[in-house]
Amino acid sequence: FDPSVPFTYEEVEVGVERVIKHIEDNGPFDVLLGFSQGCIVCHLTAAILRDRGQEIPWRISALFNGMRVRDLSYERLFQTPL
């Protein structure tokens, strides 16, 4: 991927809230599994929960074929590694 190409995620907060609600309504879960772009959603969900001061409600993340969050508007969430 070309790092000079800017990325902007649209409605990512909606997706993250949907994941959080699903976990709250159907959990507990031990593992959060992410593949490809799902890894970005998993990273953002964990980072947003931590930013809110909430505990991450799963024990381990299993992420396959993913990449880092590339939208720079979320960069501050990853100043401290998850």
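These legends walk through several close-up views of one predicted chain. In this predicted model, local features need pLDDT of at least 70 and side-chain atom pairs count only at pLDDT 80 or more, while totals for chains, interfaces and linings use all residues. Residues are numbered from 1 along each chain as its sequence is written, and side-chain values use heavy atoms, with hydrogens and water left out.

View 1. Helices (H or I, at least four residues) and strands (E, at least two) are DSSP runs, numbered from the N terminus. Along the principal axes, the C-alpha atoms fill a box of roughly 40 × 25 × 25 Å. Buried residues make up 27% of the 82 residues; buried means under 20% relative accessible area, exposed means over 50%, and partly exposed is in between (1.4 Å probe, protein chains only). Among contacts with a separation of 6 or more, 81% are between residues 24 or more positions apart, where contact means heavy atoms within 4.5 Å.

**View 2. Helix α2 and its buried residues.** This helix covers residues 37–51, and its 15 residues reach 21 Å from first C-alpha to last, close to the 21 Å expected at 1.5 Å a residue. The expected span is 1.5 Å times one less than the number of residues. Which residues of α2 are buried? They are Cys39, Ile40, Cys42, Leu44, Thr45, Ala46, Ala47, Ile48 and Leu49. Their cover includes α1, β1 and β2. Glycine 38, also in α2, counts as partly exposed at 24% relative accessibility. Just after the helix, glycine 53 takes a positive phi of about 85°.

**View 3. Valine 19 in helix α1.** Helix α1 spans residues 12–26. Valine 19 is partly exposed, with a relative accessible area of 21%. Leaving aside residues up to four places away in sequence, valine 19 touches Val41 and Thr45. Its C-alpha is 15 Å from that of alanine 62, 43 residues apart along the chain.

**View 4. A nonpolar patch on the surface.** Val31, Leu33, Phe35, Ile60 and Phe64 make up this patch, with about 530 Å² of accessible area together. Patches are made of residues with over 30% relative accessible area and no salt bridge; like charges are joined within 9 Å, and nonpolar side chains (Val, Leu, Ile, Met, Phe, Trp, Tyr) within 5 Å. Areas come from the Shrake-Rupley method with a 1.4 Å probe, and for residues only the protein chains shown count as cover. Strands β1 (31–35) and β2 (60–64) each supply at least two patch residues, but β1 gives the most, with three. Phenylalanine 35 sits in β1 and is exposed, with a relative accessible area of 56%.

**View 5. Three salt bridges.** A salt bridge here is a side-chain nitrogen of Lys or Arg within 4 Å of a carboxyl oxygen of Asp or Glu. Arginine 52 and glutamate 17 meet in one of them (2.1 Å, N to O). This pair links distant parts of the chain, with arginine 52 in the loop between α2 and β2 and glutamate 17 in helix α1, 35 residues apart. Lysine 21 pairs with aspartate 25, their closest N and O atoms being 2.6 Å apart. Those two are separated by about one helical turn because they are four residues apart in helix α1. Arginine 76 and aspartate 51 also meet (3.1 Å, N to O). Here arginine 76 is in the segment after β2 and aspartate 51 in helix α2, 25 residues apart.

View 6. Most residues other than glycine have a negative phi, and most peptide bonds are trans. Glycine 27 and proline 28, however, are joined by a cis peptide bond, with omega about 10°. Proline 28 lies in the loop between α1 and β1. Glutamate 11, in the segment before α1, has a positive phi near 55°. Asparagine 65, in the segment after β2, has a positive phi of about 55° and is exposed, with a relative accessible area of 62%.
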